[in-house]
Amino acid sequence: DDGSTLAATQRGYHPDELKKTTHLKIDYKWYLQHQVHPVVSRLCEPIAGTDQALIADCLGLDPTSYRSAYAQDDEDEDGEAFRISKDEKFKDCDRLVVKCRKCGEETQCGGLVRRTEVGLHENGLTCSACKEAYDIVHLHNRLTLAMRAHVNGYYKGVMQCQDDVPEEMAETRRVSLLMQRSWKPKYSDNKLYLQLRYYQHLFDRAAAFEGAERDDKQAVRLVLDRKSG
């Protein structure tokens, strides 16, 4: 690196020149980008959960230019993937089930605001059976346990065979790199990410308001204001 903006081919110097001058430096970034990153990416390609952006980040490079299409979709809520409805995006996520301390019923927690069957909006942090407000400590513990269960499921690293094999042979935690193409993670990193985003979405005031239909926004705001009042 001679400090210029010339192309890499015009910034090449003999090792002796490098030793004789003080303004020339080894361009470590160029070597990482063009010599190390491609090789490591090819070696790690069969390993589930890795991609070029992750490898670039581990090498100290800017992962933005290496980010794959699916990672860009999950990057922020302005992406194309977040333009679909919340119901569609979170349809495969496990629901947060809470047991009511009053009536004993186990019901789904639908978030800060719940829409009733007749189209009204009410406090979503209440039992849908008896309308009793959830105990906040109990709700917090239930959410924490649910999140831990999903994280533990991910870190178990169970692989699922995509081929037609007997049920007792369909799952394992040890897969040869040569057989990676036939096996996929039972609990992928994307699935865990989406599940945790769903839990976050349940208690996001801004998302509750922005996700409401235009005609429902005033009613949703009233429910949120009563909760914070």
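Q: Which residues form one aromatic cluster?
A: Phe 90, Tyr 198 and Tyr 199 do. Rings of Phe, Tyr and Trp (its six-membered ring) pair if their centres lie within 6.5 Å.

Q: What am I looking at, and how is it numbered?
A: This is a predicted model, numbered from 1 along each chain as its sequence is written. Local features need pLDDT of at least 70, side-chain atom pairs count only at pLDDT 80 or more, totals for chains, interfaces and linings use all residues, and side-chain values use heavy atoms, with hydrogens and water left out.

Q: How many aromatic pairs?
A: The structure holds 4. One of them is Trp 30 with Tyr 31, edge-to-face at 5.2 Å centre to centre and 90° between the planes. Planes over 60 degrees apart count as edge-to-face, under 30 as stacked, the rest as tilted.

Q: Why does Trp 30 count as partly exposed?
A: Because its relative accessibility is 27%. Buried means under 20% relative accessible area, exposed over 50%, partly exposed in between (1.4 Å probe, protein chains only). Tyr 31 is partly exposed too, at 44%.

Q: Switching to cysteines. How many disulfides?
A: 0. The cut-off is a pair of cysteine sulfur atoms within 2.5 Å.

Q: Where is the nearest cysteine sulfur to Cys 44?
A: On Cys 58, 8.8 Å away. Cys 44 is partly exposed, at 22% relative accessibility.

Q: And Cys 93, buried or exposed?
A: Buried, because its relative accessible area is 10%.
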